[in-house]
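The sequence and the structure are shown first, and the description follows.

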Protein chains: 2
Amino acid sequence: MFSTVAVNGEVKRWEDLRLHDFAQGFFFGAGFFTTFRIEDGSPLFLSRHLRRLAASLAAHTDTVRAPSPQLLEPASVRDTLRHCLAADPLLGPRFHGIGKLSASDGHLLLTLRPHAPDAERLQHEGRAILAVEHGAYRHAETSPNHKGLSYFRQFSRMQQLPVLANELAHACELPTANLFVLLDGALVTPPLDAPCLPGVIRAVLLDSGSIDGVPIVEQSLPLARLAEARACVFTNAAVLATGVPSLLGHALPESLSLAARLREHILAMASRED
Amino acid sequence: MFSTVAVNGEVKRWEDLRLHDFAQGFFFGAGFFTTFRIEDGSPLFLSRHLRRLAASLAAHTDTVRAPSPQLLEPASVRDTLRHCLAADPLLGPRFHGIGKLSASDGHLLLTLRPHAPDAERLQHEGRAILAVEHGAYRHAETSPNHKGLSYFRQFSRMQQLPVLANELAHACELPTANLFVLLDGALVTPPLDAPCLPGVIRAVLLDSGSIDGVPIVEQSLPLARLAEARACVFTNAAVLATGVPSLLGHALPESLSLAARLREHILAMASRED
């Protein structure tokens, strides 16, 4: 993570931030965050990220003190980002990497980091999925619909990267990524009440409706049907789309080209949105 | 919360702590904590609290950087507490209140606060339980066995205080408290795989085996059987035992005297342990 950060629009040094200002976030995980890709100094799909963050805050007004609404305006975050990039020669106005907005205790914290060391390799080689965590979620529970600072369940499963399934034996998502499979001629992703995170890239793909004539749809995804998938990718805001060349022991060589095509598609969509 | 705190045994001002030193705790809820009662400057059941905290850290070495083991020795925490109490005239060596140890990022943070404003009233009047959250937990899931900084699920339900139940329609616990009911002539609390937190007061009561000839046992507790309970209390380290004069619409007037008797019993046990 870079030392240049911002709190409530003000550029600061990470080392100077006080735990005091983020106490409820620390002690109780009472806060939300969102992570977005920055290309050439510009955040991708920033408005969507901010709408989701604001929606999570609006759904938890009793328990999380939200930053002032103006701070969550895209223009305000763009300004803040610009100031951060200008302030730090390690960043600069053409920065490529990852931004993160964390909201707790009435504060909005912007932090920046380079792409993960394996981001490039993930694009080329994809990532196998080897395991299922059965009953990780309960159908229709709402907490996975919010990206909260109480993130340990996801965080502790990031290395293993299992498919998180619900008690109905339906696939829900991966830790920190949404799941898509090519099934019956459609690109299928589980519905929000599976449950899963309303991921920004997931929403971008669903909104686009189709890719190369293949419909992109929300649909319950029984684990038993994963064996019939022709391809599989997972999406998140950092890598956009990652191919799954092997899904629970089934080789899916088409996944890598599908992921590459989706990344292209997503970047084209990004160029038409703020 | 008092301004006098300690990090890794060193007395500090809360306002001077850096978010930097607790980053994984803040961003990912990657850490654990325990909260204990302090009577006359002495922490109750400190060794048990530290054993549970150490066990949670030992079960998550991949994902949470633990403080050095010496810091989790009872003698070390007692020393640190003594230094904090001596350093702050608002505390003093005879302090009554609540201590909290939070472990993340290789650091152990001790914070102190007065008893909650309603603690006294809870002892006299108890607290009604009005609701059940069905399917809040999955039978045998392990995360509720650890008191983690990813505490938002509990934190956001503290006001409503529902019985958290699993998918088998068994009662598990309350947010931040263990549940006991007087049923078939025994004082019954759900087993750890319900799941529930291995609460320190819960363990103290189970270890004691019985109270006034009534056995204290772990046993699965179907929600349907709560209507047959003759009394109900909940336990935690802050208030020890709180009577439930009304459980899901059933008046249980004996709960208050049972809670008072349990507090007496727990304090007697405390005087025999370090």
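In which loop of chain A is Pro144(A) found? Pro144(A) sits in the loop between strand S7 (132–137) and helix H5 (152–155) of chain A. Helices (H or I, at least four residues) and strands (E, at least two) are DSSP runs, numbered from the N terminus.

The model is predicted: local features need pLDDT of at least 70, side-chain atom pairs count only at pLDDT 80 or more, and totals for chains, interfaces and linings use all residues. Residues are numbered from 1 along each chain as its sequence is written, chains are lettered from A and ligands numbered from 1 in the order in which they are written, and side-chain values use heavy atoms, with hydrogens and water left out.

**Overall form of chain A**

Chain A contains 7 helices and 17 strands. Its C-alpha atoms fill a box of roughly 50 × 40 × 30 Å along the principal axes. For 274 residues, a compact globule would have a radius of gyration near 19 Å, and the 19 Å of chain A agrees with this. That radius is taken over C-alpha atoms, and the globule rule is 2.2 Å times the number of residues to the power 0.38. Of the 274 residues, 57% count as buried. Buried means under 20% relative accessible area, exposed means over 50%, and partly exposed lies in between (1.4 Å probe, protein chains only). Among the contacts in chain A with a separation of 6 or more, 68% come from residues 24 or more positions apart. Contact means heavy atoms within 4.5 Å.

Pro144(A) is buried, with a relative accessible area of 6%. Leaving aside residues up to four places away in sequence, Pro144(A) touches Tyr137(A), Arg153(A), Glu173(A), Pro195(A), Cys196(A), Leu197(A) and Pro198(A). The peptide bond from Ala194(A) to Pro195(A) is cis, with omega near 5°. Pro195(A) belongs to the loop between strand S11 (186–189) and helix H6 (200–208) of chain A.

In chain B, the peptide bond from Ala194(B) to Pro195(B) is cis, with omega near 5°. Pro195(B) lies in the loop between strand S11 (186–189) and helix H6 (200–208) of chain B. The buried residues of H6(B) are Val200(B), Ile201(B), Arg202(B), Val204(B) and Leu205(B).

**Helix packing in chain A**

How do the helices of chain A cross? The axes of helix H2 (residues 46–58) and helix H3 (residues 74–87) of chain A come within 10 Å and cross at roughly 115°. Axes are lines fitted to C-alpha atoms, for helices over the stretch in contact, and angles run from 0 to 180 degrees between N-to-C directions. H2(A) and H3(A) are therefore roughly perpendicular to each other, a term that covers angles of 65 to 115 degrees. Leu46(A), Ser47(A) and Leu50(A) in H2(A) meet Pro74(A), Val77(A) and Arg78(A) in H3(A). By class, this contact has 4 nonpolar, 1 polar and 1 charged residues. Ala, Val, Leu, Ile, Met, Phe, Trp, Tyr, Cys and Pro count as nonpolar, Asp, Glu, Lys and Arg as charged, and the others, Gly among them, as polar.

H6(A) packs against helix H7 (residues 254–270) of chain A at an angle of about 85°, with their axes 10 Å apart. H6(A) is thus roughly perpendicular to H7(A). The contact joins Ile201(A), Val204(A), Leu205(A) and Ser208(A) of H6(A) to Leu262(A), His265(A), Ile266(A) and Met269(A) of H7(A). By class, it has 6 nonpolar, 2 polar and no charged residues.

**Positive phi angles**

| Residue | Phi |
|---|---|
| Asp184(A) | near 55° |
| Ala169(B) | about 65° |
| Gly209(B) | about 85° |

Asp184(A) lies in the loop between strand S10 (178–183) and S11 of chain A, and at 60% relative accessibility it counts as exposed. Ala169(B), in the loop between strand S8 (163–166) and strand S9 (171–173) of chain B, is partly exposed, with a relative accessible area of 36%.

Technical notes:
Parallel < 35°, antiparallel > 145°, perpendicular 65-115°, else oblique.
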